[in-house]
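Here are my notes on the pockets and on one strand residue. Please read them with the model open.

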Amino acid sequence: MKAFEYSFVIKHSDGNVDVIPVEFERSLRSKSIKITPQLAKKVIKVSYPVYVLHSRAVAFLESKKDWVAKQLEKVPKTTKICDGAKITFLGTEYKIENIPNARRGVWIEDSYIFVSGEPEFLNRRVKDFFKVEVRKYLSSKARYYANKTGKKFSKITVKDTTSRWGSCASNGSIAFSWRLGFAPLFVIDYIVAHEVAHLSEMNHSIKFWKLVKEICDSDVDEAQKWLLKNGIYLYSID
């Protein structure tokens, strides 16, 4: 059995279906068979030692199907970026509308995001637009918080990460997930403050958390609670 030949099917209450593939991986580091539901990536990873037969790993997964099914209940249905979709971006809800004959690319007007060009290019064009706009917002907030600390960052980049919302390198480069654009503004602001604080404290010490709460305009505890409960939904928009 090759990777992704095994999958789980999730049937949502509205009739939509998500297929969650399983990735099997032999690992030199593994000492036992381990099942890891990577909900953000919508994949189940099964790692096992090199000396274990693949069939045994499959049998182990079969024996844990009920447990896996319970984990997959946490996976929200996918919200497609398409014509007619309603999506909240940077704190405002918009309806996406395709205007094939227009020549303006992607633009916001009132509560609409208009997209020119053929429908098959709409998804990519809107995503590119979102990435540009969220980078503008994140860069502005990062400068604002950096001024509070007296520190400077070298650059801001946006990526499609699944393991963390943001990161700060020792050279002052800060990276964020572009999917933060779908979170409430108070959550986005917290993540920016968190990474900017790392310019001063490259750790998660008491001193670091004190600085985060000093510079952040939003409620840090509430933002953390929101991410813990709702973070997975940011990955459901595709």
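1. α6 gives the second largest pocket the largest share of its lining, 4 residues. Both α6 (220-234) and β5 (86-89) supply at least two lining residues there. Helices (H or I, at least four residues) and strands (E, at least two) are DSSP runs, numbered from the N terminus.

2. This is a predicted model: local features need pLDDT of at least 70, side-chain atom pairs count only at pLDDT 80 or more, and totals for chains, interfaces and linings use all residues. Residues are numbered from 1 along each chain as its sequence is written, and side-chain values use heavy atoms, without hydrogens and water.

3. The second largest pocket holds about 160 Å³ of space. Its lining includes K77, K86, F182, W226 and Y233. By class that lining has 6 nonpolar, 4 polar and 2 charged residues. Ala, Val, Leu, Ile, Met, Phe, Trp, Tyr, Cys and Pro count as nonpolar, Asp, Glu, Lys and Arg as charged, and the others, Gly among them, as polar.

4. The largest pocket holds about 190 Å³. Among its lining residues are A40, R164, W165, K229 and Y235. The classes there are 6 nonpolar, 3 polar and 2 charged. A pocket is an open set of points on a 1 Å grid over the protein atoms alone, where a 1.4 Å probe fits, with protein on both sides within 12 Å along at least five of seven lines; lining residues have an atom within 4 Å of a point. Grid points are joined across faces, edges and corners, and a volume is the space filled by probe spheres set on the points.

5. S173 lies in strand β11 (residues 173-177). Beyond four places in sequence, S173 touches S154, K155, S167 and C168, contact being heavy atoms within 4.5 Å.
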